Amino acid sequence: MEYYSWILTFHVMSFMSWMAMLFYLPRLYVYHVEQKNKKDYTDVVKIQEFKIYKYIGMPAMWATIFSGAVMLYMNPYLLSAEAGGWMHAKLLFAFLLVIYSFSLEKYRKELAIDNFTKSGNFFRAYNEVPTILSLLIVGYVITKTFSILFTVITLALGAFIVYKVLKQTPKDAK
């Protein structure tokens with residue numbers, strides 16, 4: 001356990017870097033879609049999208065996964081029934097963040113070849129997903145408990161926010 005705190009520090013920093021990509025990339029997609037008729041602009045945004053995904057997001061995601069796995073190896077108690085199940089919930093929502101990350105690559109590739117059907121509002125709403133998932137993850141980690149009430153309230157609030165964002169009138173329709 002001598003190095004556990006250092007690995008935890010690396011894990012938290014990796015998670016923060018990964019989250020930076022998860023928060024920012026969908027926002028770039030909003031700009032990309034809403035400025036699709038400005039080729040010079042979208043050419044620059046395509047480069048930004050590629051670099052933030054490939055050079056920041058993916059390395060940070062894999063570093064988060066690797067350091068998390070090392071910590072679980074060093075402290076398997078966290079996965080035991082006595083620990084309360086919060087780690088299992090955290091891992092479930094972290095897995096959903098991984099899936100979300102790969103979905104961003106799918107959308108990035110579509111945008112890169114100008115073959116996309118999603119709106120700016122879709123990406124605004126989609127941008128709320130990592131906030132909801134990270135709130136759950138951080139809540140479990142800090143409290144070291146799994147609360148059905150916290151989970152349901154967070155998911156319901158997140159669903160409501162996504163719904164409201166999707167129902168917004170697009171800027172160009174006003």
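This is a short tour of the model, stop by stop, with something to select at each one.

**Before you start**

You're looking at a predicted model, where local features need pLDDT of at least 70, side-chain atom pairs count only at pLDDT 80 or more, and totals for chains, interfaces and linings use all residues. Residues are numbered from 1 along each chain as its sequence is written, and side-chain values use heavy atoms, with hydrogens and water left out.

**Stop 1: the whole thing**

Show everything as a cartoon. The protein has six helices and zero strands, and its pattern along the sequence reads α-α-α-α-α-α. Here helices (H or I, at least four residues) and strands (E, at least two) are DSSP runs, numbered from the N terminus. Along its principal axes, the C-alpha trace spans about 55 × 35 × 20 Å.

Of the 174 residues, 41% are buried. Buried means under 20% relative accessible area, exposed means over 50%, and partly exposed is in between, with a 1.4 Å probe and protein chains only. Among contacts (heavy atoms within 4.5 Å) with a separation of 6 or more, 78% are between residues 24 or more positions apart.

**Stop 2: along helix 1**

Select Met 1 and Glu 34. Their C-alpha atoms are 50 Å apart, and 33 residues separate them along the chain. Glu 34 belongs to helix 1 and is partly exposed, at 33% relative accessible area.

**Stop 3: the nonpolar core**

Now select Trp 18, Met 21, Leu 22, Leu 25, Leu 97 and Leu 104. These are the residues with the most contacts inside the largest nonpolar core, which has 38 residues. A nonpolar core is a set of buried Ala, Val, Leu, Ile, Met, Phe, Trp, Tyr and Cys residues joined through side-chain atoms within 4.5 Å. Helix 1 (4–34), helix 2 (39–74), helix 3, helix 4 and helix 5 each supply at least two residues of this core. Which helix gives the largest share of this core? That's helix 1, with twelve residues.

Zoom in on Leu 25. Leaving aside residues up to four places away in sequence, Leu 25 touches Glu 49, Ile 52, Tyr 53 and Leu 104.

**Stop 4: helix 1 against helix 5**

Select Phe 15, Met 19, Leu 22 and Phe 23 in helix 1, then Pro 130, Thr 131, Ser 134, Ile 137 and Val 138 in helix 5; the two groups meet each other. By class, this contact has seven nonpolar, two polar and no charged residues. For these classes, Ala, Val, Leu, Ile, Met, Phe, Trp, Tyr, Cys and Pro count as nonpolar, Asp, Glu, Lys and Arg as charged, and the others, Gly among them, as polar.

The two helices pack at an angle of about 155°, and their axes are 10 Å apart. Axes are lines fitted to C-alpha atoms, for helices over the stretch in contact, and angles run from 0 to 180 degrees between N-to-C directions. Helix 1 and helix 5 are therefore roughly antiparallel to each other, a label for angles over 145 degrees, while under 35 is roughly parallel, 65 to 115 roughly perpendicular and the rest oblique.

**Stop 5: salt bridges**

How many salt bridges are there? The count comes to seven, where a salt bridge is a side-chain nitrogen of Lys or Arg within 4 Å of a carboxyl oxygen of Asp or Glu.

- Select Lys 39 and Asp 43: their side chains form a salt bridge at 2.9 Å, N to O. They are four residues apart in helix 2, about one helical turn. Lys 39 is exposed at 56%, whereas Asp 43 is partly exposed at 27%.
- Select Lys 46 and Asp 114, which pair at 3.1 Å, N to O. Lys 46 lies in helix 2 and Asp 114 in the loop between helix 3 and helix 4, so the pair ties together parts that are 68 residues apart in sequence. Lys 46 is buried, at 17% relative accessibility.
- Select Lys 54 and Glu 105, whose closest N and O atoms are 3.2 Å apart. Glu 105 lies in helix 3 and Lys 54 in helix 2, so this pair ties together parts that are 51 residues apart in sequence. Glu 105 is buried at 8%, while Lys 54 is partly exposed at 34%.

**Stop 6: two loop residues**

Most residues other than glycine have a negative phi. Go back to Asp 114: its phi is near 55°, a positive value. Asp 114 sits in the loop between helix 3 (86–112) and helix 4 (120–126).

Finish at Lys 144, where phi is also near 55°. Lys 144 is in the loop between helix 5 (129–143) and helix 6 (148–166), and is partly exposed, at 44%.
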